[in-house]
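Have the viewer open as you read.

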Amino acid sequence: MLPSILQLLLTFSILFSTKNLIALSLTLPQDISALKAFKASVKPSSIQPWSCLASWDFIADPCAIPRRTRFTCGITCSPDSTRVTQLTLDSAGYSGRLTPLTSQLTSLIVLDLADNNFFGPIPSSISSLINLQTLTLRSNSFSGSVPDSITNLKSLESLDLSHNSLSGYLPKTMNSMSSLRRLDLSYNKLTGSLPKLPYNLLELALKANSLSGSLSKSSFDSLTQLEVVELSENSLTGTLESWFFLLPALQQVDLANNSLTRLEIPKPANSDLVAVDLGFNKIEGNAPLHFADYPLLSSLSLRYNSLRGTIPLEYSRKKSLRRLFLDGNFLIGKPPPAFFAADTSVSGSIGDNCLQACPGSSQLCMPSQKPSSICKQAYGGKPRS
């Protein structure tokens, strides 16, 4: 009788263990093979013992719980432990290529490889990640072009490929990315002009590239939610036309360090514009009067352009204005006295111009004004008035 009971208990124990093992080993085989390929494409010498990838030991099921010693970080799985939904690596200096087989992780919502040393092209097969909402490859060494297929990611809300070595033109069909809210491709080697942009975009950052041409209204058509535009340190030219400042949600604009030559600043009906930086361009003409009509504008930089004429008196009457940089132009006349009142709240600089009677004791007047010979030359030999 006793041996029979022991045999029964042993049978139950084996069945329970087997059932338990099956319950903890549910990750889809294609996800496991994709993770294996991902790790295999990373140079073993760049995988530190303390890093996430070092804990990826495929003796265990990747989505098995609890993860005490294996797969301790780097991935997140679906509630039923069958699919990998997030691949978020630590900044451990991993070096390698992004394998095309990553595209097998078709339930991925987040792919984040930021601050590592991945190199080579971004595989076009990434378009198979149809559920992807966040793609962050920031601060690596990816090269080649932004793959056209990336525009097939219709669920993507945030795309950050900044601080890489990407080159070539932007995909022409970017406007088809209907869910995209944040786009950051800054600090690459991208060329050409801006294509038509996704209409739900909130933030656009493409600073420190080699974009050229003028800003076209068609690129920004229907962007009623766009709040932030960062396009500094490019080679943009021509006129910044009035339609740009009439984008209804616009709050921050940085177009410094380009080659813009003219401004058309409209009188706003209603505007949330807070900060504008147009410094270090080639803008000619007078300091735009209508900037004073933007009710929330608190920071304005037009430094180091070729502006002439006087400083609009309205600038000094604008209560919201806190930072004003007009230095490095050819402005003449006397600066508005309100700038130097005891209760002034404006900081910045109106130095390095052709102004008269700018108090040397005021920080606003630093650096000193241009020599009169340069000012006379700028105004065709006529004296300053």
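## Two cis prolines

Pro367 sits in the loop between strand 23 (347-349) and helix 5 (372-378). Helices and strands here are DSSP runs, numbered from the N terminus: helices are H or I with at least four residues, strands are E with at least two. Pro367 is joined to Met366 by a cis peptide bond, with omega at about -5 degrees. A quick word on where this comes from: the model is predicted, so local features need pLDDT of at least 70 and side-chain atom pairs count only at pLDDT 80 or more, while totals for chains, interfaces and linings use all residues. Residues are numbered from 1 along each chain as its sequence is written, and side-chain values use heavy atoms, with hydrogens and water left out.

There's another cis bond between Ile65 and Pro66, where omega is about 0 degrees. Pro66 belongs to the loop between helix 2 (29-40) and strand 1 (75-77).

## Two positive phi angles

Some background for this section and the one above: most residues other than glycine have a negative phi, and most peptide bonds are trans. Ser81, which is not a glycine, has a positive phi near 60 degrees. Look for Ser81 in the loop between strand 1 and strand 2 (84-88). Is Ser81 buried or exposed? Ser81 counts as buried because its relative accessibility is 15%. (Buried means under 20% relative accessible area, exposed over 50%, and partly exposed in between, with a 1.4 Å probe and protein chains only.)

Asn257 also isn't a glycine, and its phi is positive at about 60 degrees. The loop that holds Asn257 runs between strand 16 (252-254) and strand 17 (259-263). With 37% relative accessibility, Asn257 counts as partly exposed.

Now follow the strand pairing (two strands pair if DSSP finds at least two bridges between them). Strand 9 (residues 165-168) and strand 11 (residues 189-192) run parallel, paired over two bridges. Gly168 has Leu190 as its bridge partner in strand 11. Strand 11 is also joined by two bridges to strand 13 (residues 210-213), again in parallel. There, Gly192 has Leu211 in strand 13 as its bridge partner.

Strand 13 in turn runs parallel to strand 15 (residues 235-240), with two bridges between them. Ser212 stands opposite Ser235 of strand 15. And how many bridges pair strand 15 with strand 17? Four, in the parallel sense. Across that pairing, Gly238 faces Leu260 in strand 17.

## Two buried residues

Phe118 is part of strand 5 (residues 117-120). Its relative accessibility is 0%, so Phe118 counts as buried. Contact means heavy atoms within 4.5 Å. Leaving aside neighbours within four places in sequence, Phe118 has contacts that include Phe38, Val42, Leu89, Tyr94, Leu98, Leu113 and Phe142. Gly96, Arg97, Asn140 and Ser141 are also among them. Lys43 is 75 residues from Phe118 in sequence, and their C-alpha atoms are 9.8 Å apart.

Pro312 is in the loop between strand 21 (306-308) and helix 4 (313-317). Pro312 counts as buried because its relative accessibility is 10%. Which residues is Pro312 in contact with, leaving aside its neighbours within four places in sequence? They are Ala287, Leu289 and Pro336. As for Tyr379, 67 residues away along the chain, its C-alpha atom is 19 Å from that of Pro312.

## Zooming out

Taken as a whole, the protein chain has five helices and 23 strands. Its C-alpha trace spans about 120 × 45 × 45 Å along the principal axes. The radius of gyration is 29 Å, whereas a compact globule of 385 residues would come in near 21 Å. That radius is taken over C-alpha atoms, and the globule rule is 2.2 Å times the number of residues to the power 0.38.

Of the 385 residues, 47% are buried. Contacts between residues at least 6 apart in sequence join residues at least 24 apart in 45% of cases. The chain exposes about 18000 Å², with carbon and sulfur atoms supplying 54% of that; accessible areas come from the Shrake-Rupley method with a 1.4 Å probe, and for residues only the protein chains shown count as cover.
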